[in-house]
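Me: I'd like to go through a few labels for this structure and ask what stands behind each one. Could you take them one by one with me?

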Amino acid sequence: RMPFSVPDYVEKALSSLREAGYEACLVGGCVRDDLMGVRPHDYDVATDARPEEIRRVFLARELILDGEKHGTVTPVIDRHPVEITSFRADGDYLDGRHPESVRFTSSLEEDLARRDFTVNAMAFDPVRGLTDPFGGREDIEKGVIRCVGEPEARFREDALRILRAMRFASRLGFTIEAQTAGAMHDLRERLRLISRERIAAELTGVLTGRNAAQVLDEFHDVLFEVVPELFPLYHCPQKSVYHIYDVWEHTLHVVDQIAPRTPVNVWSALLHDCAKPQTRVRDRKGQDHYPAHQQTGARLAGVILRSLKMSNALTEDVQTLITYHDDELTPETVRLALSRVTPRLFDSLAALRRADLLAHAPQIALRAASLNAVLAERDRVLREGLCYDLKGLAVHGGELSALGYHGPELGRELDSLLNEVLRGRLPNDREALLKKARLDLPDTVR
C-alpha cells in the first residue's frame with residue numbers, strides 16, 4: 001500500500017517545505033498505519049530544515065512553539081496543527097527517559113535510527129518513496145514488534161519503551177520479537193525511573209488494545225513491577241465449583257472479554273478481583289471463599305489508581321463497579337442496580353458482569369446470555385420513568401417531616417421506603433408509602 005493519500009493541510013505543509021528547498025517527509029506512526037491499511041489519525045512531518053528555518057517557511061501562519069527546543073515547530077494550517085520536526089540525533093540518556101541534548105542533522109537515516117521500534121522507524125515522501133532502513137515493512141507483514149538496533153540499549157535510554165512495546169503489541173495484535181522481549185523482562189526494574197502518570201497512560205493503552213490479555217500474560221512480571229499490588233493474584237487458587245481458573249487466569253479472561261474497551265471498563269476488569277488473595281478462606285470441604293472481596297477490592301483499587309495518578313472520576317467509577325460487580329443482575333434487580341451505579345455506569349456494570357460470568361465455569365458462563373433481557377428492562381425503566389432513586393419516589397422529605405421524622409431518621413426512612421419499592425415489596429404510590437412510614441414511626445414520636 002503506497003503512495004500516501006494525505007489531507008490537504010498536511011500536503012500544504014509538505015509542499016511549503018519542498019518549495020523552500022528542504023526535504024520533507026511523513027514519519028513514524030502514520031507511515032506504519034498507512035502500510036497496514038489503517039487511516040492515520042495524525043501525521044508527523046520531518047525535515048532537514050532547522051527550527052528557525054521551519055519558522056521562516058511558515059512565518060505567515062500561526063505557530064505553536066512549545067516544542068521548538070526539541071526541534072518541533074507546529075504551524076496551524078486550515079485550523080489543523082501540523083507537527084514538523086527537524087531531523088535530529090539524540091544525545092546521552094542519563095535519566096532513563098530523556099536525552100540530555102539534541103543534535104540536528106541533515107540525515108533522515110540518522111533521524112530514523114534514534115526511534116524505538118522498526119515499525120515506527122519509516123518515512124515516506126513522493127520523491128524518495130518509502131525509506132525503511134531497519135525492515136519495518138517486513139516486521140509489519142510478520143506482525144512483529146522489534147527494537148531498532150540493540151534492544152537493551154533502547155530500553156536503557158528510555159524505560160517507558162518497555163510499556164510502549166506492550167501497547168503496540170496489544171493494539172496492533174503483534175507479537176514481540178524474542179530479543180526485544182528478553183530485554184523487556186531483564187530491564188523491567190528501570191520502569192521505577194518513569195513517572196506514574198506516563199506509566200498509567202501506557203497501561204491504559206495496553207488494556208484498551210485488542211490483544212491486552214495475551215500481552216499481560218506474557219509480560220505479567222512487567223505489570224507486577226509497576227502495579228505490585230497485583231502480584232498476589234498470580235497462581236492464587238480458586239478451588240470452587242464456580243471456577244475453572246486461578247484468580248490471575250480468571251482476571252485475564254475478564255480483560256479479554258470486556259467490551260467496549262473503554263478505560264473505565266478495562267481497568268474495572270483488571271482490578272475487579274484484586275482483593276481475592278487477601279480475603280481467601282478455605283472451608284472444611286476444601287472450597288475457597290472470598291468474603292467481602294468486592295468492598296475490600298474497591299478500596300485496594302482506589303489505592304492502585306491513585307498511586308498511578310489516575311483521575312478522580314475514573315477511580316470512583318472503577319471503585320463503584322468493583323463494589324457491585326458480583327451482585328445478581330436480573331430484570332428484577334435492574335432498578336436496584338440503577339440506584340447504586342446510576343444510568344451512566346449501568347452499561348459498564350453489565351459489561352463487567354458479562355465478562356466476569358464468561359470467565360467462570362461453563363455452567364455459570366451460560367448466565368451471561370440473560371443480560372440481554374437485563375438491558376431491555378433497563379431501557380424500559382428509563383423510558384417509562386419508573387422509580388429507581390429518591391428523586392422518583394412518590395413521597396418526599398417534607399411529607400415525612402410532617403409525620404414527625406427529623407434529622408438522620410428522616411434520611412434513613414426515605415432510604416428504607418426506596419429499598420422496599422426497588423425490591424418490589426411496595427408500590428411507588430404516595431398513600432402506600434405514607435402508610436408504611438406511619439407504621440415505621442418510633443413509639444416515642446407517635
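Me: Why is Glu399 called buried?

Reply: Happy to start there! Its relative accessible area is 14%, and buried means under 20% (exposed is over 50%, partly exposed in between, with a 1.4 Å probe and protein chains only). Glu399 therefore counts as buried. Bear in mind that this is a predicted model, where local features need pLDDT of at least 70, side-chain atom pairs count only at pLDDT 80 or more, and totals for chains, interfaces and linings use all residues. Residues are numbered from 1 along each chain as its sequence is written, and side-chain values use heavy atoms, leaving out hydrogens and water.

Me: Which residues does Glu399 touch, not counting those up to four places away in sequence?

Reply: They are Ala394, Arg430 and Leu434, where contact means heavy atoms within 4.5 Å.

Me: What makes H7 roughly parallel to H9?

Reply: The axes of H7 (residues 160-172) and H9 (residues 196-208) cross at roughly 20 degrees and come within 8 Å. Angles under 35 degrees count as roughly parallel (over 145 is roughly antiparallel, 65 to 115 roughly perpendicular, the rest oblique), so H7 is roughly parallel to H9.

Me: Which residues of the largest nonpolar core touch the most other members?

Reply: Ile145, Leu230, Trp267 and Leu271 do, out of 124 residues. A nonpolar core is a set of buried Ala, Val, Leu, Ile, Met, Phe, Trp, Tyr and Cys residues joined through side-chain atoms within 4.5 Å. Helix H17 (residues 334-358) gives the largest share, 13 residues.

Methods:
Axes are lines fitted to C-alpha atoms, for helices over the stretch in contact, and angles run from 0 to 180 degrees between N-to-C directions. Helices (H or I, at least four residues) and strands (E, at least two) are DSSP runs, numbered from the N terminus.
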